[in-house]
Amino acid sequence: MTTAPDRAPESSILPVILNRWSPRAFQPEEIDPKDLQVFLDAGRWAPSAYNIQPWRFIHARRNTPDWDRFLSWLIPFNRSWAENASAIIYIVSRTITISGRTGEPSPVPTHAFDAGAASVLIQLQASQAGWAVHPISGFDHDLTQAGLELPEDYQVHAALVIGRQADAAALPEGLRQREQPSDRLPLEKVAFEGRFSPDDQ
């Protein structure tokens, strides 16, 4: 798998973080269910408010009965490259919790934040194991909600496309130039001491 050693050569950030990026070129091969379970288990250990653990990971593997369904909800652009991947995980969270004291439902304001944290751990675990992960929001959310048979108090946030990275030549010509680790905004554009600086939007 392509890593990004020159992404921030002076940085003290852990390599597992700097080497994580989101390729689109995948080799059309299957993933061992045991490997996928390890990635999902990593997400299970994310922090969450009050330890509610609102995240859910709904997945399908290549060459299984659910694979085409999971692909069908992606927008055409994403489906064009994701069809070569090995697995797709839809990241879902429950928007309410049931009070142990009253038995009544109450909102979970951090459900999406907590699910995002779980998603990152899945990506880092997979990256460490030599797999590439491309998170996407480009899918039909209503169709996905219905296709996954989610109750109304669950929300789907993103999909993680997982596979073995292939050479960029496997992509359509228009995507090949984009198949490289991207940069990030400077820290001073996103981190502020004391108060937000509107000049840095």
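This is a predicted model: local features need pLDDT of at least 70, side-chain atom pairs count only at pLDDT 80 or more; totals for chains, interfaces and linings use all residues.
Helices are runs of at least four residues assigned by DSSP and numbered from the N terminus.

A search of the whole structure finds four salt bridges. Side chains of opposite charge can pair when their charged atoms come close. Because Asp41 and Arg44 are three residues apart in helix 2, about one helical turn separates them. Asp41 is partly exposed, with a relative accessible area of 32%, and Arg44 is partly exposed as well, at 43%.

Another salt bridge joins Glu29 to Arg164, with 3.8 Å between the closest N and O atoms. Glu29 belongs to the loop between strand 1 (26-27) and helix 2 (33-44), whereas Arg164 belongs to strand 7 (residues 154-165), so the pair ties together parts that are 135 residues apart in sequence. The relative accessible area of Glu29 is 29%, which makes this residue partly exposed; Arg164, at 26%, is partly exposed.

A further salt bridge is formed by Asp153 and Arg94, whose closest N and O atoms are 2.9 Å apart. This pair too links distant parts of the chain, for Asp153 is in the loop between helix 6 (141-147) and strand 7, while Arg94 is in strand 3 (residues 87-94), 59 residues apart. Asp153 is buried, with a relative accessible area of 18%, because buried means under 20%. Arg94, in contrast, is partly exposed at 24%.

Ile13, Leu14 and Ile17 make a nonpolar surface patch of about 280 Å². Ile17 lies in helix 1, which covers residues 15-18, and this residue is partly exposed, with a relative accessible area of 43%.

Ile13 also takes part in the largest pocket, where it is among the residues nearest the centre, together with Ala8, Leu18, Arg184 and Leu185. The volume of this pocket is about 470 Å³, and 17 residues line it. Helix 1 and helix 5 (111-128) each supply at least two residues of that lining, and helix 5 gives the most, with three residues. By class, the lining of the largest pocket comprises ten nonpolar, three polar and four charged residues.

The second largest pocket holds about 160 Å³ of space. Its lining consists of 13 residues, and those closest to its centre are Trp21, Ser22, His134, Gln180 and Ser182. Here the classes are three nonpolar, four polar and six charged residues.

The structure holds one cavity of 30 Å³ or more, and the largest cavity has a volume of about 70 Å³. Which residues lie nearest the centre of the largest cavity? They are Trp21, Ser127, Trp131, Ala132 and Val133, out of eleven lining residues. Helix 5 and strand 6 (132-136) each contribute at least two residues to the lining of the cavity. Six nonpolar, four polar and one charged residues make up that lining.

Technical notes. Residues are numbered from 1 along each chain as its sequence is written. Side-chain values use heavy atoms; hydrogens and water are left out. Patches are made of residues with over 30% relative accessible area and no salt bridge: like charges are joined within 9 Å, nonpolar side chains (Val, Leu, Ile, Met, Phe, Trp, Tyr) within 5 Å. Accessible areas come from the Shrake-Rupley method with a 1.4 Å probe; for residues, only the protein chains shown count as cover. A salt bridge is a side-chain nitrogen of Lys or Arg within 4 Å of a carboxyl oxygen of Asp or Glu. Buried means under 20% relative accessible area, exposed over 50%, partly exposed in between (1.4 Å probe, protein chains only). On a 1 Å grid over the protein atoms alone, a cavity is a set of points where a 1.4 Å probe fits but cannot get out, and a pocket is an open set with protein on both sides within 12 Å along at least five of seven lines; lining residues have an atom within 4 Å of a point. Grid points are joined across faces, edges and corners, and a volume is the space filled by probe spheres set on the points. Ala, Val, Leu, Ile, Met, Phe, Trp, Tyr, Cys and Pro count as nonpolar, Asp, Glu, Lys and Arg as charged, and the others, Gly among them, as polar.
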